[in-house]
Amino acid sequence: MEKVNLDWSNLGFGYMKTPNRFVSNYKDGCWDKGALTTDDTVTISECAGVLQYAQTIFEGLKAYTTKDGKIVTFRPDLNAARMKDSAKRLEMPVYPEDRFVENVVNVVEANSEYVPPYGSGATLYIRPYMFGSNPVIGVKPADEYQFRIFTTPVGPYFKGGVHPLTIRVCDFDRAAPNGTGHIKAGLNYAMSLHAIVDAHNQGYDENMYLDSETRTKVEETGGANFIFVTKDNKIVTPKSKSILPSITRRSLVHVAKEYLGLEVEEREVYLDEVKDFAECGLCGTAAVISPVGKIVDHGKEICFSSGMNEMGKITKKLYDTLTGIQMGIIEAPQGWIKVIK
Ligand SMILES: *Cc1c(COP(=O)(O)O)cnc(C)c1O
């Protein structure tokens, strides 16, 4: 299909309306069949559960064009499974996993002229989400829900080259030990907004959150998991029940072990040991991996030897291998690439 005429390599990460989205409603205990629509607005009660008590969850994944011209998406089954876990934790109905994947495919196909061409660095970001839609004033779960999927083209993450990030150890907490840090819920983001605005005002790109119980262990940033590399090329990634299980991080762990033959430790990581690592990166769908150059802990600086100008050596290998798999240049593990058309 013809592509729309957009300046793909200069797109930012912002919302741009595309022609089609998927909408399904849950009422009287079941999901309707749902349909694609061109209506980009939502009409709900002024007292909808989502507006009063923040009963909303979301997912994020991408579609892109591979080297041989196919439109594909990456491991959408894992987004479906994670959204199921998020729904259960917020007492929301599960949107069936097979229909989640099917409708991700349908929406991307219906907007395929907005899937950026191979080599542009841009992608079509896909946002599935669900919210309580009927009036709720006494605190309880809603009875009715809406599930939607929209898409928006987004530009290359590393526009104008890679710039390693400077992050600070944050005094605010992101997640409680038995809270909701492990699910993808809007509420986790609402409470992080003050911390990120404050970080930006102080000149930092991101916050490193610590475990809120002991404040000695590394958790994650507001929207990405950490990956560290030791001086002897071992991968270390924090393990905690309040970290959001990043699909990118889980995929990188597989790539490290099976493609690069690296040893991987998924374990508790103490802030005290971070100074001994050689490389640090943030991983998530948006950037795959963003290198971290410096972490500032209340005036004390931890500078990674990989520096402020480029990705660390191992970080780059991980990045190149996973993006190679995604772009159809390197053979993917069974089931990782879902071909849309
Ligand atoms: C979405 C998200 C990530 C990254 O997950 P991916 O599946 O790799 O995109 C990491 N941390 C938080 C808090 C998130 O919401």
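**View 1. Helices α6 and α7 pack against each other.** Helix α6 (residues 247–259) and helix α7 (residues 313–326) meet at an angle of about 105°, and their axes lie 10 Å apart. The axes are lines fitted to C-alpha atoms, for helices over the stretch in contact, with angles running from 0 to 180 degrees between N-to-C directions. That makes α6 and α7 roughly perpendicular to each other (65 to 115 degrees; under 35 is roughly parallel, over 145 roughly antiparallel, the rest oblique). On the α6 side you'll find Thr 248, Ser 251, Leu 252, Val 255, Ala 256 and Tyr 259, and on the α7 side Leu 318, Thr 321, Leu 322 and Ile 325. Contact here means heavy atoms within 4.5 Å.

A quick note for every view: this is a predicted model, where local features need pLDDT of at least 70 and side-chain atom pairs count only at pLDDT 80 or more, while totals for chains, interfaces and linings use all residues. Residues are numbered from 1 along each chain as its sequence is written, and side-chain values use heavy atoms, with hydrogens and water left out.

**View 2. Helix α2 crosses helix α3.** The axes of α2 (residues 76–89) and α3 come within 9 Å and cross at roughly 130°, which means α2 is oblique to α3. From α2, the residues Pro 76, Asp 77, Asn 79, Ala 80, Ala 81, Met 83 and Lys 84 touch Glu 97, Phe 100 and Val 101 of α3. Sorted by class, this contact has six nonpolar, one polar and three charged residues (Ala, Val, Leu, Ile, Met, Phe, Trp, Tyr, Cys and Pro count as nonpolar, Asp, Glu, Lys and Arg as charged, and the others, Gly among them, as polar).

**View 3. Helix α3 by itself.** Helix α3 covers residues 97–110, so to speak 14 residues, and reaches 20 Å from its first C-alpha to its last, close to the 20 Å expected at 1.5 Å a residue. The expected span is 1.5 Å times one less than the number of residues. Its buried residues are Phe 100, Val 101, Asn 103, Val 104, Val 105, Val 107 and Val 108 (buried is under 20% relative accessible area, exposed over 50%, partly exposed in between, with a 1.4 Å probe and protein chains only).

**View 4. Around Asn 20.** Asn 20 sits in the segment before β1 (21–27) and counts as buried because its relative accessibility is 16%. Setting aside residues up to four places away in sequence, Asn 20 touches Thr 37, Thr 38, Val 107, Ala 110 and Asn 111.

Key:
Helices (H or I, at least four residues) and strands (E, at least two) are DSSP runs, numbered from the N terminus.
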